[in-house]
Amino acid sequence: MDFNEWIKDTWIVHDEYEPPFGHAELLSLKTFTKKMDIDLVKAVQELKANGVAFDSAEETLEDIGKANDISPMNMYLLIKKFEPVPEPEKLNTYTPESIEVEFSGTGFGNKTIGSICESLGLDTSIAVDRLKSAGLPADMDKTMKATAESANTEAIEIMKVILIEGYKFSPDDQ
């Protein structure tokens with residue numbers, strides 16, 4: 001099981017290389033941009049401005065990538081900036097239970113604290129203050145899992161610290 005966990009940890013070497021969803025490369029550019037709420041015209045312009053040639057937005061990301069010697073992930077990274085910025089969460093609506101339901105099993109432990117704050121629309125200064133108040137390192141470039149391991153707890157507990165003001169965890173709460 002440890003070996004399996006190690007393998008999973010090596011799949012994605014940086015948060016930005018996290019696929020948006022499984023088998024996205026099989027979708028047409030048109031369908032992909034619609035699913036990701038990215039303006040198709042802007043996406044086409046950006047890809048073409050970066051030398052990615054294709055005849056139609058009906059072509060799959062995989063086919064466009066093969067024809068241009070670029071991975072579908074790298075195409076996504078070119079147009080990701082056109083995704084809408086998430087609305088900040090209503091932090092007072094989180095409870096320890098709701099955090100467990102929403103985030104357990106989602107792979108967030110391999111993401112950096114900074115990228116989680118960004119994806120949730122949470123000001124990193126709030127996260128830094130909450131981590132420091134809980135006696136935890138406030139390194140936005142450190143993964144949730146690494147932060148949790150240094151505190152002898154689980155990543156879900158670090159998420160609770162970040163999202164619930166005044167949340168206190170005990171290293172024995174595992």
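Is isoleucine 156 buried or exposed, and what is its relative accessible area? Isoleucine 156 is buried, at a relative accessible area of 16%, where buried means under 20%, exposed over 50% and partly exposed in between (1.4 Å probe, protein chains only). The model is predicted, so that local features need pLDDT of at least 70 and side-chain atom pairs count only at pLDDT 80 or more, while totals for chains, interfaces and linings use all residues. Residues are numbered from 1 along each chain as its sequence is written, and side-chain values use heavy atoms, with hydrogens and water left out.

View 1. Leaving aside residues up to four places away in sequence, isoleucine 156 touches Ile99, Glu100, Phe103, Ser104 and Phe108 (contact means heavy atoms within 4.5 Å). Its C-alpha atom is separated by 8.3 Å from that of methionine 144, twelve residues apart along the chain.

**View 2. Helix H7 (residues 113-120) and what covers it.** Helices are DSSP runs (H or I, at least four residues), numbered from the N terminus. Six of the eight residues of H7 are buried, namely Ile113, Gly114, Ser115, Ile116, Cys117 and Leu120, and their cover includes helix H6 (96-103), H8, helix H9 (144-150) and H10. Glycine 121, with a positive phi near 70°, follows H7.

**View 3. Contact of helix H8 (residues 124-133) with helix H10 (residues 155-163).** Ala127, Arg130 and Leu131 in H8 meet Ile158, Val161, Ile162 and Leu163 in H10. By class, this contact has six nonpolar, no polar and one charged residues, with Ala, Val, Leu, Ile, Met, Phe, Trp, Tyr, Cys and Pro counted as nonpolar, Asp, Glu, Lys and Arg as charged, and the others, Gly among them, as polar.

Key:
Axes are lines fitted to C-alpha atoms, for helices over the stretch in contact, and angles run from 0 to 180 degrees between N-to-C directions. Helices (H or I, at least four residues) and strands (E, at least two) are DSSP runs, numbered from the N terminus.
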